[in-house]
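Have a look at the model, then go through the points by topic.

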Amino acid sequence: MDRLTSLRVFREVVESGSFVAAAERLSMSPPMASKHVAQLEKSLGARLLHRSSRHLSLTEAGTAWYEQSRRALDLLDAAEAVIGQKSEAPRGQLKVSAPVWCATPRFARVLADYRERYPEVLIDIHLENRKVDLAADGYDLALRATQEPSPALIARPLCRVPFHLAGTPAYLRRMGSSPAVPADVARLGAIVPSYVNLDNLSLKGPGGRMFALRLMPAMRSDDTTLTLHAVRADMGIAFLPEWLIDDDLAAGRLVRLLPDHAPHPVTLFAVYTSRQYMAPKLRSFIDFLGERLGGQPPAAAAKRTLSGQGHATPG
């Protein structure tokens with residue numbers, strides 16, 4: 001049997017969840033699809049799938065083999081598309097890392113619209129406030145909010161994400177009043193991120209003057225959603241992304257502190273390992289995010305966002 005076909009069959013079985021669905025997508029019979037996977041297991045000397053009458057799941061060896069073979073097939077598909085041997089529609093599993101604060105109705109709508117346009121792409125999204133190792137952890141793409149993306153990765157700017165210092169009206173009343181100047185913030189408790197250092201945070205005030213900002217931790221958290229809940233529970237104030245709190249601000253559940261002072265703007269980047277031989281699923285997803293989130297040509301965005309200096313950010 002053709003080894004490359006067997007690899008494609010295995011990928012389809014994993015991503016579709018059944019031999020029947022995989023066989024249908026590849027225009028072969030289910031017994032033939034099963035035979036391809038069995039031959040692959042025989043040649044590797046390892047079982048790749050746990051099979052039952054109702055369910056398929058990957059073994060430990062199958063998980064490792066899927067991650068490696070998936071990337072190899074993506075590279076082959078992208079290379080063939082580049083040299084014009086075929087024009088392949090985006091398809092397959094796309095593993096994405098994104099900040100926790102992307103868990104919003106706004107971002108969910110973007111993902112739903114992408115799926116509607118490209119129904120053969122399965123997005124496997126992991127929300128975490130840490131910098132994953134794209135190659136070692138098997139990610140196709142990471143979304144990172146920063147002023148200074150890693151020079152070792154390709155970074156495409158998608159959009160600006162404003163961060164606001166916010167608290168509840170009840171908490172501010174309990175603490176006496178809302179701060180009038182940045183120095184007043186030190187008397188308030190703050191929920192601060194444990195994954196980034198905010199000690200050197202500064203705000204730009206009226207006229208462009210910079211003010212140092214000192215936050216007094218009331219709690220540290222590595223989860224932005226928990227931070228929001230703690231702020232809502234009148235535990236303290238926090239720097240939070242506008243994506244996460246725009247409804248709370250509009251409804252008056254939260255208020256912006258020092259609204260005439262702002263931290264350095266944060267840009268959301270799509271970062272990936274190489275421009276060469278980009279799989280159609282990766283290219284289409286990045287282009288779609290740029291279209292839906294950025295609303296500006298990528299080159300113009302890059303010129304504006306990459307010219308600034310790096311600073312610590314809360315996201």
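Just past the end of helix 2, S27 adopts a positive phi of about 60°. Keep in mind that this is a predicted model, where local features need pLDDT of at least 70, side-chain atom pairs count only at pLDDT 80 or more, and totals for chains, interfaces and linings use all residues. Residues are numbered from 1 along each chain as its sequence is written, and side-chain values use heavy atoms, with hydrogens and water left out.

**Helix 2**
- Helix 2 spans residues 19-26; helices here are DSSP runs of H or I with at least four residues, strands are runs of E with at least two, and both are numbered from the N terminus.
- F19, A22 and A23 are the buried residues of helix 2 (buried means under 20% relative accessible area, exposed over 50%, partly exposed in between, with a 1.4 Å probe and protein chains only).
- Those three sit on the same side of helix 2 because they cover an arc of only 100° around the axis, taken from the directions from the helix axis to the C-beta atoms.
- Turned away from that buried side, you'll find the exposed V20 and E24.

**Strand 14**
- Seven of the seven residues in strand 14 (266-272) are buried.
- Strand 14 runs antiparallel to strand 5 (residues 141-146), joined by five bridges, and T146 has T267 as its bridge partner.

Definitions and conventions: Two strands pair if DSSP finds at least two bridges between them.
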